[in-house]
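Have the structure open beside you as you read.

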Amino acid sequence: MLKTISAIVLASAVGFAAAAASADDKPVEVRIGWNSFAGTAPISAVMQRDRLFEKHAKAMGHDVAAEWIRFVAGPPANEAMVAGRLDLDFDVASAAYVARIKQGVPAVIIGTQASHLSNAIMVRPGSDIDEVADLQGKTVGLYAATSAHYTLAAIVKEHLGKSLREADIKVVNMPPAESIKLPDGIDAAVIWVPFQFIGPKMGLSELLIDANGVTGPAHKTPGIRVPEVAKAWGNPEGYFTDRLYITARRGFAEEHPDLVVAFLQARWEAQDIVAADLDAGVALANEWWKQDPDVARLAAATYPENTNLRNAPLLLEFDALSLIKTSEFFYDLGTIAEPLSWEELQPVILGGADFQKRVWESRGSKPGLDQLRAGFNGSAPGWSSMAINGGEPVWRFGEVEGWGKRHYVPEPFATK
């Protein structure tokens, strides 16, 4: 009888241990948000096609079941993250991230997804608007309270020293797919990639000037970089800097730090793959974009990550400063009660610092700190010259006096 009881107890213990092991072996479910229409879609698409996240997680001893969820706007992604239905996401722009921080979304920035978001002011072919000053008193179509709005306000401020209201510029809220057509009553449009290339391709519009300060065929002096941009806080990159960020839900990052590191390693490897064969990456992304191949290639090359001109998806000083300065514009516009403070930003960026350092070190601590500090310069298809502001990486926040703040310039939008 004793042997029978012992056998039952042993069998129960073995069964319990097996069940526990089975539970432990169950893959971690990870929900990843991405935007298939973003310019960095080649990188995201390669990550999915090649299962790079799963590969790097497995190398660290973890099995993951990744679910990729498409978002085309910030609010639904924010809601999903607050509800715990989203663990990681890409392609959250500076304007949307300011709102995310102000709304208290429990997330940390774990890297920079994209730089050089080249917005542009477009006019009709043959328009009598051939310089920024000619926009005074005109009506401009753009997506209100976005980076397009910021672009127009920043350029007008640097060139004319006036706000949009002082310059008597009327803004009409419309999506870029409509504004690029320059319908009756609209004198100019402010749009982003790929519409900057779609307009001329379809004969609907021509470039007046872009966010880098480079003039287009519609300008009286085409193909130059105007001197006014040299006064801007974002110079030499442009009138300002804009970014897309990589994010982790704070609870997920705390519970699964290795998976955050694996995700960043996968993201970086995908960039290497795309940069090695841009045409293949563009073709893959164009399955979603469905653009003319020439437009798709120009749009992809706008993002220096796709061409490896910016060869590190790490959060640097100017990536953080982009959020501070973007918030000042939206405060000036009246869409937020107060601009973002460095105190508000600090936990959001420091929460992802160690992950980035681990990934950087796993890649031989390359690129070196000197290159990160200097920023990134070069050319790309369709771009004879491109500059991306850099700075010290975020994990050196406590070692560099005035990290981020030391590059701050108060203009062009007022703060209290």
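Helices (H or I, at least four residues) and strands (E, at least two) are DSSP runs, numbered from the N terminus. This is a predicted model, where local features need pLDDT of at least 70, side-chain atom pairs count only at pLDDT 80 or more, and totals for chains, interfaces and linings use all residues. Residues are numbered from 1 along each chain as its sequence is written, and side-chain values use heavy atoms, with hydrogens and water left out.

**The second largest pocket**

- On a 1 Å grid over the protein atoms alone, a pocket is an open set of points with protein on both sides within 12 Å along at least five of seven lines, a cavity is a set of points where a 1.4 Å probe fits but cannot get out, and lining residues have an atom within 4 Å of a point.
- The second largest pocket holds about 350 Å³ of space, a volume being the space filled by probe spheres set on the points, which are joined across faces, edges and corners.
- It has 18 lining residues, and Asp210, Val214, Trp383, Ser384 and Ser385 are the closest to its centre.
- Helix H8 (195–201), strand S9 (206–210) and strand S12 (383–388) each give two or more residues to this lining, with S12 providing the largest share, five residues.
- Eight of the lining residues are nonpolar, seven polar and three charged; here Ala, Val, Leu, Ile, Met, Phe, Trp, Tyr, Cys and Pro count as nonpolar, Asp, Glu, Lys and Arg as charged, and the others, Gly among them, as polar.

**Cavities**

- There are two cavities of 30 Å³ or more in the structure.
- The largest cavity contains about 70 Å³ of space, and its lining includes His116, Asn212, Glu237, Phe240 and Asp242.
- By class, that lining has three nonpolar, five polar and two charged residues.
- The second largest cavity contains about 30 Å³ and is lined by Ile110, Leu264, Trp268, Pro313, Leu314, Gln356 and Val359.
- Helix H10 (257–276) and helix H15 (353–362) each give two or more residues to the lining of the second largest cavity, which has six nonpolar, one polar and no charged residues.

**Helix packing**

- The axes of helix H2 (residues 41–49) and helix H11 (residues 278–289) come within 8 Å and cross at roughly 95°; axes are lines fitted to C-alpha atoms, for helices over the stretch in contact, and angles run from 0 to 180 degrees between N-to-C directions.
- H2 and H11 are therefore roughly perpendicular to each other (65 to 115 degrees).
- Their contact (heavy atoms within 4.5 Å) involves Ala41, Pro42, Ala45, Val46 and Arg49 of H2 and Gly281, Leu284, Ala285, Trp288 and Trp289 of H11.

Key:
Angles under 35 degrees count as roughly parallel, over 145 as roughly antiparallel, 65 to 115 as roughly perpendicular and the rest as oblique.
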